Amino acid sequence: MCHVIVTCRSMLWTLLSIVVAFAELIAFMSADWLVGRPRANGTPPPANRSGALTDPYRPTLGIYSRCLKLQHLVNVKRGSLCGPYAESFGEIASGFWQATAIFLVTGILILCAVAFVSVFTMCVQSFLKKSIFNICGLLQGIAGLFLILGLILHPAGWGSQKVVDYCGPDVSPYQLGACSLGWAFYTAVGGTVLTFLCAVLSAQAEIATSSDKVQEEIEEGKNLICLL
């Protein structure tokens, strides 16, 4: 018989696991890993209604995508063109970024699988006499290691010609030059930290769902058990 067990710690772990998986996926797909040096919208830059010149825009560059503002769209609201610059895996800016993509995708796939399984842990807490919480926590720790490797290798690819085009000649591996880090990079870093927090919380979720209080509720014949 299936006993639905919900505790604060198990629910927190489930929700955080889902959030982390989505955060890493969105960060990977985003073009906002690097914010390029300012570029003029045109020559000369167009003036706004008050007669002042418009501020130059800053293009953004992701692992496999980018956002640019096309000259014929500069006077159009939301005139940025975003999409993949690499039509195949081999066209990604550098070998380091190709390795980054492999490590991040591997980590994200593991996190998505754990997030999917976590939804069912309210009803099923073990598999082949092994705690699902402990298994998922181990997988999250492994995913975190893949994410760390990807984040470490990403700056190593800053010396590629693609990045030089966006950040200027002063850019080099682990030196940003005229660029700055975008929100996607910080999201990936934050998601990696939360991934390890999830791995720790999984142990607490296991303790909470196998406590003496839960066992007493099961012995009383309750199918829905909610505990703080």
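How many cavities of 30 Å³ or more are there by this rule? The count comes to 1 cavity. The structure is a predicted model, in which local features need pLDDT of at least 70 and side-chain atom pairs count only at pLDDT 80 or more, while totals for chains, interfaces and linings use all residues. Residues are numbered from 1 along each chain as its sequence is written, and side-chain values use heavy atoms, with hydrogens and water left out.

**The cavity and its lining**

A cavity is a set of points on a 1 Å grid over the protein atoms alone where a 1.4 Å probe fits but cannot get out, and its lining residues have an atom within 4 Å of a point. Grid points are joined across faces, edges and corners, and the volume is the space filled by probe spheres set on the points. The largest cavity holds about 30 Å³ of space. Its lining consists of Ser17, Val20, Leu111, Val114, Gln140, Thr195 and Cys198. Two or more of the lining residues come from each of α1 (8-29), α2 (95-120) and α5 (183-209); helices (H or I, at least four residues) and strands (E, at least two) are DSSP runs, numbered from the N terminus. By class, the lining has 4 nonpolar, 3 polar and no charged residues. In this scheme Ala, Val, Leu, Ile, Met, Phe, Trp, Tyr, Cys and Pro count as nonpolar, Asp, Glu, Lys and Arg as charged, and the others, Gly among them, as polar.

**Residues compared**

Buried means under 20% relative accessible area, exposed over 50%, and partly exposed in between (1.4 Å probe, protein chains only).

| Residue | Relative accessible area | Class |
|---|---|---|
| Serine 17 | 2% | buried |
| Threonine 195 | 1% | buried |
| Threonine 100 | 0% | buried |
| Tyrosine 174 | 48% | partly exposed |

Serine 17 belongs to helix α1. Its side chain forms a polar contact of 2.9 Å with the side chain of glutamine 140; such a contact is a pair of N or O atoms within 3.5 Å, where within protein one must be able to donate a hydrogen and the other to accept it, and residues adjacent in sequence count only if both atoms are side-chain atoms. Leaving aside residues up to four places away in sequence, serine 17 touches Ala115, Ser118, Gln140 and Cys198, contact meaning heavy atoms within 4.5 Å.

Threonine 195 is placed in helix α5. A polar atom of the threonine 195 side chain lies 2.7 Å from the backbone oxygen of glycine 191.

**Helix α1 and its partners**

The buried residues of α1 include Trp13, Leu16, Ser17, Val20 and Phe28. The buried residues of this helix pack against β1 (4-7), α2, α3 and α5. At the start of α3, a side-chain oxygen of serine 131 reaches to within 3.3 Å of the backbone nitrogen of phenylalanine 133.

**Two further sites**

Threonine 100 lies in helix α2. Its C-alpha atom is separated by 6.8 Å from that of leucine 151, 51 residues apart along the chain. Not counting residues up to four places away in sequence, threonine 100 touches Ile63, Gly150, Leu153 and His154.

Tyrosine 174 is located in the loop between α4 (161-167) and β8 (180-181). Most residues other than glycine have a negative phi. Tyrosine 174, although not a glycine, has a positive phi of about 65°.

Key
1 Å grid on protein atoms, 1.4 Å probe; cavity = no way out; pocket = protein on both sides within 12 Å on 5 of 7 lines; lining within 4 Å.
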